[in-house]
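Hi everyone, thanks for coming.

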Amino acid sequence: MSAVPSAQAPIAQKTELPPEAYRQAVDQADLAISITDPKANILFANEAFARVTGYTPDEIIGQNESVLSNHTTPPELYKSMWSELAAQRPWTGKLLNVRKGGERYLAELHISPVVDSKGKTTHFLGMHRDITEMRRLESMVLNQKQLIESVVDSAPMAFALLDQKGRVILDNQEYKKLVSDLRTKEPAHTLLDSVMPHWLESLAKSPGKCGFVSREARIDRAAGRPRWLSVSSSVIEMHSDEADSYLHTGGKPGLLLVISDITSLREEQEKARAAVLQAVLADEERTAAIREGLSAAIFRLEEPMNVMASAASVLQRRDPASAGVLQQALAASREHMEMLRQVIPQSPQEIAVRININEILRDVLEICTPRLLAAGVIVDWQPAATLPPIIGRPLQLRMLFKALVDNAIEAMNIKGWKRRELSLTSSVERDCVVIAVLDTGPGIPHEWRHKAFEPFFTAKNGSGRHIGTGLSRAQQVVADHGGIIDLAESPSGGCAAIVEFRLDGDPI
């Protein structure tokens, strides 16, 4: 049967309830109700009042309300109550009462003054209920909450609970430490951006895709060692505390992150890996030195041989016999040079893999540390906190950035040169990973910058002579990875080498 009258239903006639109906409604109400005189002497008590207090109406009527008091309530509370009632304002509060048998219970009271037409308080209407069980449940919930918070706060890993909009609504002390240590407002966002791009969109549309176990994220910091964190994510259903959610059984998805610090473990592994890597790079540098030395020798030999070939062409018209002997010698020399080319060690062939450029740069700095210290160079390492991976060849990239760092050290390692600072930064700009190597050396004159990538060119001591491969090999590595490298003037007046790689791997 509908609780709403139909449009065709006749309008009920207004009738007044008899006084007895009011009395019965109050007497049969499930809420304990009492009426007292201005001195709190009980004049009326309903059946619910008797059930709560244990006193029958005959026993309680005529008694003062103070008979229910446990006499442990602070006097200030009674003083506040009577102050409100004297001002003819209702009062609501909690008092510790005693039943007829001596059992204590917690009562929630609401007392309203009854004022006559002359503005005089004639009675007090009191309503109260036993909230002992509710108080017990509240205490139990509070104790459980404090217990859970204590356990969570004492856990050695960080916890963060995110709602559907990605807001952190619960965390623990370890998570708060990450906020200050990583110097970011929400480490959870930084980590999720690193291990699961587009996580926020997935959480809103496909929450089930947001669960994962033990994904590692490396966080590089401008000052201090990098942090390795293992992140696990669980999708949980959270119940809304909004009123309109009462009739809906479904909840909204949330994301629980468990973050463990595995820095110590990874550092030990990195030390072992760095030792192996240093040996591999040293071997590659020796091989490269041989390769460059032989290439330089061939380069130097080709110049006089070209002169001799021109001379043989001129001599052919005057003295064919002598020209023939000279051409035979040239032919034999070219055969020997070709044999020399064949013994030049080839560059190692690597498989392209997903690479974090920050890890490459960190490896290079660790390997170059002894030389940096020996030259008195101060390093300003400013990596992006997280970098998306690119596809590349690790050894070649390490050789590339080591060459840039070595060139910077050599540029500043001039006798009497006071300011020796190396700045190394990484960032993401325009869908590209950008790496900048800046030094405070004398720089490269503008007219020489286009020659810097030519083989055997150097700007050391301002000579501009061709004595080595210079940056030509570095340029080749960058080109092999579809990137670009450019030289500019650093803010200090030194040289700035800027390298860019596209995130999608396409050539720039």
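Let's begin with R99, which is buried at a relative accessible area of 17%; buried means under 20%, exposed over 50%, and partly exposed in between, using a 1.4 Å probe and protein chains only. A quick word on the background: this is a predicted model, where local features need pLDDT of at least 70 and side-chain atom pairs count only at pLDDT 80 or more, while totals for chains, interfaces and linings use all residues. Residues are numbered from 1 along each chain as its sequence is written, and side-chain values use heavy atoms, leaving out hydrogens and water.

So which residue forms a salt bridge with R99? That is E103, with the closest N and O atoms 3.3 Å apart. By salt bridge I mean a side-chain nitrogen of Lys or Arg within 4 Å of a carboxyl oxygen of Asp or Glu.

Next, please find K100. Its salt-bridge partner is E59, and their closest N and O atoms are 2.6 Å apart. This pair links distant parts of the chain, 41 residues apart: K100 lies in the loop between strand 3 (91–98) and strand 4 (104–115), and E59 in helix 3 (residues 57–60). Helices (H or I, at least four residues) and strands (E, at least two) are DSSP runs, numbered from the N terminus. K100 is partly exposed at 44% relative accessibility, and E59 is partly exposed too, at 32%.

Then there are R419 and E421, whose side chains meet in a salt bridge at 3.5 Å, N to O. R419 is partly exposed, at 45%, as is E421, at 34%.

Finally, how many salt bridges does the structure hold? The count is 22.
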